[in-house]
Amino acid sequence: MGVWQLVAVGLVMLLGLVGVLVPGVPGQAIVWAAVLWWALADVTPAAWGVLIGATALLLLNQALKPLLPPRRPHESGAPRKTLMLGGIGGIVGFFLVPVVGGIAGYVGAIYGAERLRLGSRGAGWASVRSVMRATGYAVLVELFACLLVTGAWLGAVIWT
């Protein structure tokens, strides 16, 4: 697989990660399709291993989704911009501090945005709790699963 194709696959995965944050966009399916595209073009054991792992992880995430609270962004009281900043913070955090940085980046970005908007530390944390109850857990679990798939793909591309 050529460099430009790898860049295109990476951009499709990034589109899928952002799609997780936007209601109505099938972010998980886009990330999985990008891994499938890569595995079909780069027929190696590592590529197929990542595809099998990605399929299992994303299917498990779909099976566990009904156990999480439903997304109700309007109940959190936070603007949509705050939720998008949280998602972007989670994506950036995942790659700065592998794996655990995604969670810290997500919650930290929501806290930072809400603290600036509301003006106090206590109000910022209260808003973070409200956001996490209304939408945060469902979005965080789905985003984290997609980030793990993206990280596995990136590791396999760098390793091979």
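Which residues in α5 meet which in α6? Some notes on that and on the core follow.

1. Ground rules: this is a predicted model, where local features need pLDDT of at least 70 and side-chain atom pairs count only at pLDDT 80 or more, while totals for chains, interfaces and linings use all residues. Numbering starts from 1 along each chain as its sequence is written, and side-chain values use heavy atoms, with hydrogens and water left out.

2. On the α5 side we have T82, L85, G86, G87, G89, G90, G93 and F94, meeting G101, G102, G105, Y106, A109, I110, A113 and E114 in α6 (contact means heavy atoms within 4.5 Å; helices are DSSP runs of H or I, at least four residues, numbered from the N terminus). By type, the residues of this contact split into 6 nonpolar, 9 polar and 1 charged, with Gly counted as polar.

3. As for geometry, α5 (residues 80-96) and α6 (residues 100-118) have axes that come within 6 Å and cross at roughly 145° (lines fitted to C-alpha atoms over the stretch in contact, angles running from 0 to 180 degrees between N-to-C directions).

4. The largest nonpolar core has 34 residues, and V35, W38, Y106 and L143 have the most contacts inside it (buried Ala, Val, Leu, Ile, Met, Phe, Trp, Tyr and Cys joined through side-chain atoms within 4.5 Å). Its largest share, 12 residues, comes from α7.

5. Beyond its neighbours within four places in sequence, L143 is in contact with L17, V20, L21, G87, I91 and Y106.

6. E142 sits in α7 (residues 121-159). E142 is buried, at 7% relative accessible area (buried means under 20%, with a 1.4 Å probe and protein chains only).

Conventions:
Helix = DSSP H or I, 4+ residues; strand = E, 2+ residues; numbered from the N terminus. Buried < 20%, exposed > 50% of the residue type's maximum accessible area, 1.4 Å probe, protein only.
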